[in-house]
Amino acid sequence: MNRQKITWLQILQGWSMLLVVIGHVTLTGIFENPQTPVSATIERVIYSFHMPLFMFISGFLFYFTKISRDLAYKEVVFDKLKRLGIPYLFFTFFTFAVKFIFSPFMKRPVELSLRQFTDSFLYPGSNPLSEMWFVATLFIIMLSYPLLKYMITGHFKIAALIIGSVVLNLFFPPDIFLLCLSNVAYMFLFFCLGILFCKFDIQRFLSHSGSLLLSLLLFIALNLIPDCPILLLNLTGIIFSVSLCLNLTPIVSGLFSSFRDYTFQIFLLGIFPQIAIRILYSKIPQNELSYWSLYIISILLGIYLPVFIAKIVEKIPNKLIRRCFGL
């Protein structure tokens with residue numbers, strides 16, 4: 001993979017993280033609040049594809065850093081336990097403490113019980129830091145490394161992998177919360193697509209301005225169709241995002257450079273200042289000026305406070321502390 005491709009992927013990581021932070025603003029505490037139609041529309045569009053996009057990027061990187069190097073299974077599992085498991089454990093403890101201390105302000109307060117702590121791992125969606133469902137889902141998918149490595153070695157097996165992952169996406173029961181199995185089944189398709197994009201350099205077909213225009217028009221059109229199948233929205237959002245970042249790379253190669261190397265840290269930490277801004281908004285006179293001012297502040301704090309913290313933690317010589325923050 002040459003430098004150009006690495007740069008577009010970095011921009012894509014920054015773009016995807018920006019979408020996550022914007023999607024987490026929700027100042028009123030009501031998702032897609034009809035009383036705030038502009039931000040509700042923004043939330044609806046973002047949530048139509050942003051987590052599948054994250055999973056697509058993860059699959060792309062998984063092929064580039066693991067599968068293409070033919071690493072041993074135990075090496076992959078050990079690496080992911082360090083990179084994903086340690087932050088999961090640390091931020092579960094940390095969020096329990098924060099939510100217990102500030103329980104009067106929490107929408108989802110916690111109780112300090114062994115059962116709730118255990119459920120945070122068996123049922124990651126119940127974790128006090130609800131975003132951990134994605135970390136758990138990603139880790140479980142990565143455990144299928146031997147299967148994935150085998151299934152991309154021939155055209156027939158690749159076709160079977162795609163068909164199987166589409167079937168899982170469309171027909172797996174949506175209410176199996178144990179180990180996020182429903183999320184695993186749904187997201188597996190996008191992880192596999194990321195792997196295939198990297199293996200076959202498929203993104204080269206999306207690097208032209210015509211591809212960007214076509215994907216943008218399709219993305220807009222599908223979002224205007226009532227009750228459009230969510231899978232179509234997922235896929236067009238991914239294709240548009242990839243094409244957008246490929247086309248931006250030659251023009252603004254440094255786009256999102258102030259935070260794109262800290263996307264995991266923003267994912268882990270960004271929600272905390274954003275929750276603080278929600279609490280602040282509930283305590284002040286609410287009008288258009290206060291709403292949009294705090295909306296922008298929430299985005300900026302959600303991005304740059306974690307970056308600031310990460311840069312401080314990077315200077316700490318203790319490797320375990322850095323691992324707790326995904327560094």
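This report describes salt bridges, aromatic pairs, loop residues and surface features of the structure shown above. The structure is a predicted model.

**Salt bridges**

The structure contains five salt bridges.

| aspartate 79 | lysine 66 | 3.3 Å |

In the salt bridge between lysine 66 and aspartate 79, the N to O distance is 3.3 Å. Lysine 66 sits in the loop between helix 3 and helix 4, whereas aspartate 79 belongs to helix 4, so the pair ties together parts that are 13 residues apart in sequence. Lysine 66 and aspartate 79 are both buried. These two residues also belong to a network of salt bridges that links Lys66, Asp79, Lys80 and Arg83.

Aspartate 119 counts as partly exposed at 21% relative accessibility; arginine 115 is exposed, with a relative accessible area of 67%.

**Aromatic pairs**

Across the whole structure, a search finds 29 aromatic pairs. In one of them, the ring centres of phenylalanine 62 and phenylalanine 191 are 5.4 Å apart and the planes stand at 50°, so the pair is tilted. The pair links distant parts of the chain, with phenylalanine 62 in helix 3 (residues 50-65) and phenylalanine 191 in helix 9, 129 residues apart. Phenylalanine 62 counts as buried at 1% relative accessibility, and phenylalanine 191 is buried with a relative accessible area of 0%.

The rings of phenylalanine 96 and phenylalanine 117 also form a tilted pair, because their planes stand at 45°, with the centres 6.0 Å apart. Phenylalanine 96 is located in helix 4 (residues 73-101) and phenylalanine 117 in helix 5 (residues 114-122), so this pair ties together parts that are 21 residues apart in sequence. With 5% relative accessibility, phenylalanine 96 counts as buried, whereas phenylalanine 117, with 23%, counts as partly exposed. Both rings are part of a cluster in which ring pairs link Tyr88, Phe93, Phe96, Phe117 and Phe121.

**Loop residues**

Most residues other than glycine have a negative phi. Threonine 26 has a positive phi of about 40° although it is not a glycine. Threonine 26 is placed in the loop between helix 1 (3-23) and helix 2 (37-46) and counts as buried at 10% relative accessibility. Cysteine 180, likewise not a glycine, has a positive phi of about 55°. The loop between helix 8 and helix 9 holds cysteine 180, which counts as buried at 3% relative accessibility.

Threonine 249 is found in the loop between helix 11 (230-248) and helix 12 (263-269). Its relative accessibility is 3%, so threonine 249 counts as buried. A polar atom of the threonine 249 side chain lies 2.7 Å from the backbone oxygen of cysteine 245.

A nonpolar patch on the surface is formed by Leu122, Tyr123, Phe177, Leu178, Leu179 and Leu181, which together have about 510 Å² of accessible area. Leucine 179 is in the loop between helix 8 (155-171) and helix 9 (181-200), and is partly exposed with a relative accessible area of 36%.

Helix 13 (residues 271-283) has 13 residues and reaches 19 Å from its first C-alpha to its last, close to the expected 18 Å. Its buried residues include Ile271, Phe272, Pro273, Gln274, Ile277 and Tyr281.

Leucine 300 is in helix 14 (residues 288-314) and counts as partly exposed at 45% relative accessibility. Between leucine 300 and tryptophan 8, the separation is 292 residues in sequence and 23 Å in space, C-alpha to C-alpha.

Technical notes:
Residues are numbered from 1 along each chain as its sequence is written. This is a predicted model: local features need pLDDT of at least 70, side-chain atom pairs count only at pLDDT 80 or more; totals for chains, interfaces and linings use all residues. Side-chain values use heavy atoms; hydrogens and water are left out. Helices (H or I, at least four residues) and strands (E, at least two) are DSSP runs, numbered from the N terminus. Buried means under 20% relative accessible area, exposed over 50%, partly exposed in between (1.4 Å probe, protein chains only). A polar contact is a pair of N or O atoms within 3.5 Å; within protein, one must be able to donate a hydrogen and the other to accept it, and residues adjacent in sequence count only if both atoms are side-chain atoms. The expected span of a helix is 1.5 Å times one less than its number of residues. Patches are made of residues with over 30% relative accessible area and no salt bridge: like charges are joined within 9 Å, nonpolar side chains (Val, Leu, Ile, Met, Phe, Trp, Tyr) within 5 Å. Accessible areas come from the Shrake-Rupley method with a 1.4 Å probe; for residues, only the protein chains shown count as cover. A salt bridge is a side-chain nitrogen of Lys or Arg within 4 Å of a carboxyl oxygen of Asp or Glu. Rings of Phe, Tyr and Trp (its six-membered ring) pair if their centres lie within 6.5 Å; planes under 30 degrees apart count as stacked, over 60 as edge-to-face and the rest as tilted.
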